[in-house]
Amino acid sequence: MTNKTIGRSGFSSSFGVLAATLGSAVGLGNIWKFPSLTGANGGAGFLLIYLLATLLIGLPVMIAEITMGRAAKANPITTLQTLAPKKSLPWWLVGAAGMLAAFLILSFYSEVVAWVFAYVFKAIDGSILSSDRHVTESAFGALIADPLQSLLWQWGVLVFIGGILLMGVTKGIEGITKKLMPVLFLLLLLLCAVSLTLPKVAEGLAFLFQPDFSKITAGVILTAMGLAFFKLSLGMGTMMTYGSYFRDDQNIPATTMRVMLADLFVSMLAGIAIFPAVFTFGFEPSAGPSLVFITIPAVFSQIPGGHLLMIAFFVLASVAATGAMLSMMEVPVVILHERMGMSRAKATLLTIALLMVLGSTCALTNSTLAGFKLFGMNMFDLFDFASSNVLLPLGGILLALFVGWVWGRDNFQRALSNQGTLANATVTGAVFFLLRYVSPLLILVVMLKGLGLF
């Protein structure tokens, strides 16, 4: 069955499939979190554990989500209803939970992306180009403490992403990501070329790549496992949704492997671009927003051509954030469109409006709602905790169990096949074994750690 025969749009080319799927996997975490975690947790040793965890957790679940989506050619809720052998069991709730997770993540992630977009303009006017850390700290503090700026930038980001989705799957998501992903790589290569000329390039690269097996502890292994799951946008229906737009002749295992390697390559390039500069000018290579919004401007202020390079960096970060937001926002849009009978335009506008309301509670956590807490957390942290520690891992576990124990190997192999060419039995068997016995157990361990149970 093709997209055309059921009147449903989809990705039009193999490159479009790769660009859109990679755009979903690449996010702001590639720019600061992944390189920093790698350096702080043993360098190349951590990287090896992450790669192993990706093969055992990330790739199998990603393949499962995309395969299910392509098989049903529908949104996550309808996909699970369609594929479930026993219609009496409410597997569709997994798709509904994914939609809820997407809303919660977008509510706080859109605010972080808003800071990035605001910093593109701050970089252009040069107001944050200072080697004085107090200047860059004050600039960031003033931005997040201003309720009007926080809301306007967040709403602007939501309207921007919604505008792309209004263009549709082929012209919007595919068309934009096909342009953005090459730009992302070119900007990264430019920043790397400059970074590799700095005096302490050896220290920066050693931090990132030199193995330090003394740092490899049980906690580090769990960190790598969690990163392998969350890094690839799994557990909330984004890959299932994008899978529903896959062409019938697209090789899913090969595509997911390319996405994983390209995603890793982006993270490594970001580390090469950032850490030699950070070490050269004596800053701490700590993870988190402080690295992006406070340290990076101070670093670029001391590099020849730093003004233009800082603009390039924040444009790069905004490109990475755009692809991730497109995939997350598409989940509620396609569910509202297909399940509620809305036009795609109405579904997109309703999603934007709902996110403006829900997201505003996160945008105002550093100003108007600074004292408001639920369960001891502000709304930003609460939405992050509920999605990252509960909904996403639970969704990943249930999807793996669905394929491994409910849908079954024969259905999985047929769905993984390409236009009559039966999927490789060895590949199918290996992925199915991991989905059935390994991936759900490892994700459960990640979930229990996130909940603080050990």
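Reader: Is Leu261 buried, exposed or partly exposed, and why?
Author: Leu261 counts as partly exposed because its relative accessibility is 46%. Buried means under 20% relative accessible area, exposed over 50%, and partly exposed in between (1.4 Å probe, protein chains only). This is a predicted model: local features need pLDDT of at least 70, side-chain atom pairs count only at pLDDT 80 or more, and totals for chains, interfaces and linings use all residues. Residues are numbered from 1 along each chain as its sequence is written, and side-chain values use heavy atoms, with hydrogens and water left out.

Reader: Where does Leu261 lie?
Author: In helix α13, residues 252-280. Helices here are DSSP runs (H or I, at least four residues), numbered from the N terminus.

Reader: New topic. How many cavities of 30 Å³ or more are there?
Author: The structure holds 2. A cavity is a set of points on a 1 Å grid over the protein atoms alone where a 1.4 Å probe fits but cannot get out; lining residues have an atom within 4 Å of a point. A volume is the space filled by probe spheres set on the points, which are joined across faces, edges and corners.

Reader: How much space lies in the largest cavity?
Author: About 90 Å³. It has 13 lining residues; among those closest to its centre are Ala273 and Phe300. Helix α13 is one of the elements giving two or more residues to that lining.

Reader: And the second largest cavity: how much space lies there?
Author: About 50 Å³. Helix α6 gives the most to its lining, with 3 residues.

Terms used:
On a 1 Å grid over the protein atoms alone, a cavity is a set of points where a 1.4 Å probe fits but cannot get out, and a pocket is an open set with protein on both sides within 12 Å along at least five of seven lines; lining residues have an atom within 4 Å of a point.
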